[in-house]
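Reader: Please take me through one part of this model at close range. I want the strand pairings, residue by residue where you can, and what surrounds them.

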Amino acid sequence: GLENITDREEDLKPRSPVVTVMGHVDHGKTSLLDALRTTTVTDAEAGGITQHIGAYQVSMPSSDRKVTFIDTPGHEAFTAMRARGASVTDIVVLVVAADDGVMPQTIEAIKHAKAANVPMIVAINKIDKTGANPDRVRNELLNHEVVVESMGGDTQEVEVSARQREGLDELLEGISLQAEILDLKANPNRPAQGAVVESRLDRGRGSVATVLVQKGTLKRGDIVVAGAHWGRVRALLDDRGRQIQKAGPSVPVEVLGMTGVPDAGSLFVVVENENRAREISEFRQRKIREKATAMQVAARGTLDQMLARIQAGEQKEVALLIKADVQGSSEALAATVEKLSHEEVAVRVLSTSVGQITESDVQLAKASNAVIVAFNVRATTQARGLAQRDGVDIRYYSIIYQVADDVEKLVKGKIAPKHREKFLGYAEIRQVFSITRVGKVAGCYVTEGVVKRGCGVRLLRDNVVIHEGDLSQLKRFKDDVREVARGYECGLSFAGYNDLREGDMVECYEMEEIPV
Ligand code: GDP
């Protein structure tokens, strides 16, 4: 079909870079996007005001070239798009407030940009403020392996003030320079393909999807499929709300005429006729239903899917996200597993960091098809829920060689792990008793899930694993019981282990067979 055309080198023409702005909350992402939006002085007839359509274009101050900005700042949208298979961003502008410096979401943004292999330009914002200290920002970035040009690195940095509109031209020039390095090209003379950036149901106009054309040219009257929806393009509107006839590569447009509202991040393609469009969208709808059912039946970990792909020769890379209790362990683990790369399959560590597994880690792993290696750390309740829902595999370890062992098996495509850990619940130790001939017994309260007889346990003190083993006794009052659910008290003792304290948490799990 039309969607499978391959482009010849001589058909490729330069296209505008597509930029996503990321950074910590309140560092000025929205202000910067607003300031850039009205920076197009060369476009006299337009009067400067753009519509909010999810993306817009700005003309370069010194040439007629353009830059496309995605108008949804932050790494959530960026990662959600990637998770659906759309990689539209060519360059990330990382906004860091000069008075506040590198903050948690700055670090998240760096991780997400690196995982996606998208180059960054640092915009040090709010330099108009009295407390501004751009050099501190440069130094703090060093701690996260971002070395700016003025410190001898290769990441461009620009000092800006979104409020005073300073440094905007320099930022645009920087983007243009980076775009030249990337040598961005696309074939404009073919049926269009691209991604949905935003979509909504409008009362008067029906389905309105903002799409970014990535290849080819989208025209009025084209038949498009986006995600599981399709339609004939009834109208195309540019970022100023003007009706246009066609849109080429890197041009964002609003598309009217789809039969449904495709999700942001869905890929769209132009196809030859309505029958083909129906066929593809029905196939995809069926797939979505099947996937939903399959997820209800058994949430299959990505590790197993990965193994299947490696065995089939379809996958050449194992991506891992490493979280550990201390920096030293995460680095040692990364070094150990990266050495396991061989000709056919590479091990790629997307990021190493310290602390609990958060939702952001799960999103990153999902977008990158990565497995999370948790070394002596836990996942937050929210992160665990998200991982379960999205089929992201979190593997818990406390011994380095076990990690190496599992990864080695995986890259060699050898054996499928037959069992995996299934989380059962948490119990909090509220009292510790010494009982003759039995040892220490913990009087506990089940705070989440269930505790089962004979299950695997980890003892956590201040969120650090201090013991791992099995439950030797589970009692309600004087009786041995099979299981105790959330909201109930119970007595626990641990095989061969007695260092128990009030406030310790007991994490319970069992091993389950991986469904094939
Ligand atoms: P976002 O959360 O990253 O999108 O940040 P916003 O764009 O909403 O900005 C957060 C706050 O910082 C707002 O009160 C802005 O007016 C202010 N702000 C943004 N850029 C600048 C700047 O360059 N200078 C100063 N002084 N304030 C700014």
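Author: Start at Ile223, whose bridge partner in β17 is Val271. The model is predicted: local features need pLDDT of at least 70, side-chain atom pairs count only at pLDDT 80 or more, and totals for chains, interfaces and linings use all residues. Residues are numbered from 1 along each chain as its sequence is written.

Strand β12 (residues 223-226) and β17 run antiparallel, joined by 4 bridges. Strands here are DSSP runs of E, at least two residues, and helices are runs of H or I, at least four, both numbered from the N terminus. Two strands pair if DSSP finds at least two bridges between them. Strand β9 (residues 193-202) also runs antiparallel to β17, with 3 bridges. There, Gly194 has Phe268 of β17 as its bridge partner. Strand β17 (residues 267-271) is mostly covered, with 4 of its 5 residues buried. Buried means 20 or more other C-beta atoms, placed from the backbone, within 10 Å of the residue's own.

Now turn to β20. 5 of the 5 residues of β20 are buried, so the strand is largely enclosed by the rest of the structure. Side chains in a regular strand alternate between the two faces of the sheet. In β20, Val371, Val373 and Phe375 point one way, while Ile372 and Ala374 point the other.

The sheet comes next. It is open and parallel, with 4 strands in the order β19-β18-β20-β21. Its edge strands, β19 (346-354) and β21 (394-397), each pair on one side only. Neighbouring strands are turned by 25 degrees against each other on average, direction ignored. Axes are lines fitted to C-alpha atoms, for helices over the stretch in contact; angles run from 0 to 180 degrees between N-to-C directions.

Strand β18 (residues 317-324) and β20 (residues 371-375) pair in parallel over 5 bridges. Leu321 stands opposite Ile372. Ile322 stands opposite Val373. Helix α11 (residues 400-411) packs on this sheet and touches β18, β19, β20 and β21. Contact means C-beta atoms, placed from the backbone, within 7 Å. The helix direction makes about 165 degrees with that of β18.

On to β21. It pairs with β20 in the parallel sense over 4 bridges. Here Val373 stands opposite Arg395. β20, helix α10 (residues 381-390) and β21 make a right-handed β-α-β unit. Right-handed means that, with the strands pointing away from the viewer, the path from the first strand over the helix to the second runs clockwise.

How values were computed:
Contact = placed C-beta atoms within 7 Å. Buried ≥ 20, exposed ≤ 12 C-beta atoms within 10 Å, placed from the backbone.
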